[in-house]
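Okay, thanks everyone for making time. I've got one structure to walk through today, so let me put it up on the screen.

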Amino acid sequence: MDAGISSQSTHAIAVFENSARAIVGGQYVRAANAGDIVGGVQPQIVVEPGTEQELAQILKLANDGDLAVIPRGGGSKAAWGNPPQRAEVVLSTARLNAFVEYAWSDLTVTVEAGCTVKQLRETLAQVGQRLALDPLWPSRATVGGVLSSNDSGSLRLRFGSLRDLIIGVTLALPDGTLAKSGGKVVKNVAGYDLPKLATGALGTLGIITRATFRLHPMPQETCTVSCLMRDVGEAQRLLLAVQSSKLAHSALQIRFVTSMPPQMDVLFEATQAGLAAQVEQLKAILAPSAVIEPGPAVWNARQELHSAARDNASNSALAKISILPAQIAETYETLLAITANRVHFQAVVQATGVGCVYLEGAPTEFGHALQSLRAKLEAAGGSLMVAHRPTNMAALDAWGDPGDALPLMRAVKQQFDPKSTLNPGRFVGGI
């Protein structure tokens, strides 16, 4: 144990460990190591329950022992959010990875939270169906982790966000309750829409153990069309023109790289004949700009920026931004002014106004750049969440100003997790 841990905490952890071994088996309880560190904080114990009931029992044990719990799926977004105030127990959903029910004729599926997105995709594809979602690192990201972080990609434009795709969820609450909403009800938490409430809550209200989604058919054919713009003003104008047209595109993004013209990508999904007609209409809108058909790799641009931040951890930062689509050009100009050639940046912004900004350079410059950009975006009604920052960067809250919603969010947290057992301090406003 760390020298800074009190004897009282040491005793509580020892009692918890013995009880956890009795519930899940000794092979699924281990001492945490350096790979389990969250935001610079070292947990003590890692537990991998095999059932929802086991997970709920373990969570109650920790709650009763005043131990802080860090829920974990694939760990692909462990750096998101603020560092936890405390972290004694990592509660993993890795073994909760089964398909509970697949009603393919009704276009719904229920899976446990530890199921990876890749595993889900491959199973659904066998009958020509899909969850219309393109999150980061699908081979590692789990259903529960994607929901908790609200990680949706470019397909959100056509199919909606995760809150539109999820229709049921089961949560393990700190008091040991398994609360369910959607489908057959085990226990409802009166007055709350659990699927929407749990999505994006970063595991601070309960631990997702299973989820039910609405599905969509796989597209017959796909086609990506890209256009190199003369400047950001043209990119803004043409994005709005495409959005205002009658085109049935599934995704649209603009990619920016410092000192290079922006590029816009449009994804179509239809029959072969339908694709040809859609592409011709798009070319008419984009003319006289040069149009190319680059293939699907361009839709990995968001993941490439996140991966670059992870791989170049000491000299990069990455933020998720939310703005109005009509503010894309203004945001780009703000970035140019803030970085002033001292920091290299790249950005990918979806037509919904959700995007990510990657900064590379001296970490001493990142704090000022991110704070200045956040201030500009929040003044215009937008937001900025810091998804990655180097350890030697000046302290900066991950979430920014929560506004008038914070008292309500605190009240909900108090209702679900009164002892602040789950991810304490990691979410908005230090929740």
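Let's start in the sheet, with β8 and strand β10, residues 207–214: six bridges join the two, and they run antiparallel. One of the pairs to look at is A172, whose bridge partner in β10 is I207. The mean pLDDT of the chain is 93, and 96% of its residues reach 70 or more.

On to the other neighbour of β8. With strand β9, residues 178–181, β8 pairs over four bridges, again in the antiparallel sense. A172 turns up here too, standing opposite L178 in β9, and T170 has K180 as its bridge partner in that strand. The hairpin of β8 and β9 has five residues between the strands, and in it G176 takes a positive phi near 95°.

So how covered are these strands? For β8, residues 166–172, the answer is mostly: six of its seven residues are buried. β9 is covered on both faces, with L178 and K180 buried on one side and A179 and S181 buried on the other.

Where pLDDT is low, the predicted coordinates should not be read in detail.

Next up, the helix I like, α12. It covers residues 363–379, so 17 residues, and reaches 25 Å from its first C-alpha to its last, close to the 24 Å expected at 1.5 Å a residue. Which residues of α12 are buried? They are P363, F366, G367, A369, L370, S372, L373, R374 and L377. If you're looking for a pattern in that list, remember that an α-helix has 3.6 residues a turn, so residues three or four places apart point the same way.

Take L282: leaving aside residues up to four places away in sequence, it touches V225, V242, L247, V266 and F268.

Quick word on cysteines. The structure holds zero disulfides. C115 counts as buried because its relative accessibility is 0%, and C356 is buried as well, with a relative accessible area of 1%.

Last stop, R86. You'll find R86 in the loop between β3 (69–72) and β4 (89–92). R86 and L67 are 19 residues apart in sequence, and 8.2 Å apart in space, C-alpha to C-alpha. Not counting residues up to four places away in sequence, R86 touches D66, L67, A68 and I70, and also K419, S420 and P424.

That's my tour, happy to go back to any of it.

Methods: Residues are numbered from 1 along each chain as its sequence is written. This is a predicted model: local features need pLDDT of at least 70, side-chain atom pairs count only at pLDDT 80 or more; totals for chains, interfaces and linings use all residues. Side-chain values use heavy atoms; hydrogens and water are left out. The expected span of a helix is 1.5 Å times one less than its number of residues. Buried means under 20% relative accessible area, exposed over 50%, partly exposed in between (1.4 Å probe, protein chains only). A disulfide is a pair of cysteine sulfur atoms within 2.5 Å. Contact means heavy atoms within 4.5 Å. Two strands pair if DSSP finds at least two bridges between them. pLDDT is the predictor's confidence in each residue, from 0 to 100.
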